[in-house]
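Good morning, colleagues. Please look at the sequence and the structure as they come up.

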Amino acid sequence: MLAPLWLLSLSLPTLWAQILIRCAYKSLCQQALVSGNDVVLQCDYPKSLWYFSSILGEDPFLLSSMPNIKKLPGGSLQLTNPQPSQTGLYHCQDSDNALVVEYEIDFQDVNTLHITHKGLGQKPLQNETLSLGGHVLIFTQWEPWQDCNRCGEPGERKRLGYCYVEEPLEKAMPCWLYLRAEKARSSRLRPELQVEACLVPCEHVKETNQPYFIFDIYQLDKMTNTMWLTCPLASIYR
Ligand SMILES: *[C@@H]1O[C@H](CO)[C@@H](O)[C@H](O)[C@H]1NC(C)=O
């Protein structure tokens, strides 16, 4: 089982390893994500033109030659290791300059992620009000729990939570799409990750051998006390 899967994963582009952000035709979708994790913004128009303007509100510019951004053959936009500075409006149009789809993405800084484990009694962040002209509420909007990392034995699962701001009677918005150029200093303004224990039975139709790679073999040096391990194709969204 392992060998064919391994070949398959080499022959496919790394698309399957990334999450695809979708939005209905001619619509604008707002979404919070975390920086440092690859995503693809969908636009099903092969000759698409993508424009970007950041939250600082400069004029939109054509995205063609940014080092971590690539237009895929089908028209979608691939962002590799996106940064908080890439928070803003992504506009996809057709060759007649008509809107196909627009995304307002808040890439929340993965370096400020507040990580807690339920089983260790660690508490997620509390709601907080912030005074910005009026009072606004800062809270965490949680995603659903992700799959358990094991089956048939105790495992762990995680969920992501994004920083959102809510004004009285208004729809909540991702924090940095709300704040824009405004400088607000609060340690509450950060995304979260929560972990908990899980125990799920194995569903044999779903369980396939996962492909794995050995990229390198490295001898730990006794003198080096810190080390950075990168897991290729890993994503915080899965
Ligand atoms: C925090 O605020 C959100 C959004 O208004 C609300 O849904 C949630 O229940 C609040 N949580 C607590 C603990 O008050």
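I shall begin with the protein as a whole, then turn to the ligand, and then to several individual residues.

This is a predicted model, in which local features need a pLDDT of at least 70 and side-chain atom pairs count only at pLDDT 80 or more, while totals for chains, interfaces and linings use all residues. Residues are numbered from 1 along each chain as its sequence is written, and side-chain values use heavy atoms, with hydrogens and water left out.

First, confidence. The predictor's confidence in each residue, pLDDT, runs from 0 to 100. The protein averages 88 on that scale, and 88% of the residues score at least 70. Over residues 1–14, however, pLDDT stays under 50. For that stretch the model has 15 contacts beyond four places in sequence, a contact being heavy atoms within 4.5 Å.

Next, the overall architecture. The protein has two helices and 15 strands. Among contacts with a separation of 6 or more, 66% are between residues 24 or more positions apart. The protein exposes about 15100 Å², of which carbon and sulfur atoms supply 56%; accessible areas come from the Shrake-Rupley method with a 1.4 Å probe, and for residues only the protein chains shown count as cover. Of the 238 residues, 36% count as buried. Buried means under 20% relative accessible area, exposed means over 50%, and partly exposed lies in between, with a 1.4 Å probe and protein chains only.

Let us now consider the ligand. Which residues surround the ligand? They are Asn127, Leu137, Phe139 and Glu166, where a residue counts as near if one of its heavy atoms lies within 4 Å. This shell divides into two nonpolar residues, one polar and one charged. In this scheme Ala, Val, Leu, Ile, Met, Phe, Trp, Tyr, Cys and Pro are nonpolar, Asp, Glu, Lys and Arg are charged, and the others, Gly among them, are polar. An N or O atom in the side chain of asparagine 127 is 2.4 Å from an oxygen atom of the ligand. For the side chain of glutamate 166, the corresponding distance to a ligand oxygen atom is 2.8 Å. On its own the ligand has 360 Å² of accessible area, and the protein covers 36% of that.

I turn now to individual residues, starting with glutamine 108. This residue is in strand E9, residues 99–108. Is glutamine 108 buried or exposed? At 0% relative accessibility, it counts as buried. Its side chain is joined to that of aspartate 106 by a polar contact of 3.0 Å. A polar contact is a pair of N or O atoms within 3.5 Å; within protein, one must be able to donate a hydrogen and the other to accept it, and residues adjacent in sequence count only if both atoms are side-chain atoms. Leaving aside neighbours within four places in sequence, glutamine 108 is in contact with residues including Ala32, Tyr162, Cys163 and Trp176.

Arginine 190 lies in the loop between helix H2 (175–179) and strand E15 (192–198). With a relative accessibility of 23%, arginine 190 counts as partly exposed. Its side chain reaches the backbone oxygen of threonine 112 at 2.8 Å. Beyond four places in sequence, its contacts include Thr112, Cys163 and Trp176. Arginine 190 and cysteine 175 are 15 residues apart in sequence, and their C-alpha atoms are 8.5 Å apart.

Histidine 117 belongs to strand E10, residues 114–117. This histidine is buried, because its relative accessible area is 16%. The side chain of histidine 117 reaches the backbone nitrogen of glycine 119 at 3.0 Å. Not counting residues up to four places away in sequence, histidine 117 touches Gln122, Glu156, Val195, Glu196 and Ala197.

Asparagine 97, in the loop between strand E8 (88–93) and E9, has a positive phi near 60° although it is not glycine. Asparagine 97 is exposed, with a relative accessible area of 56%. Leucine 169, also not a glycine, has a positive phi of about 65°. Leucine 169 is placed in the loop between E13 and strand E14 (173–174), and it is exposed, at 90% relative accessible area.

Thank you for your attention.

Note on methods
Helix = DSSP H or I, 4+ residues; strand = E, 2+ residues; numbered from the N terminus.
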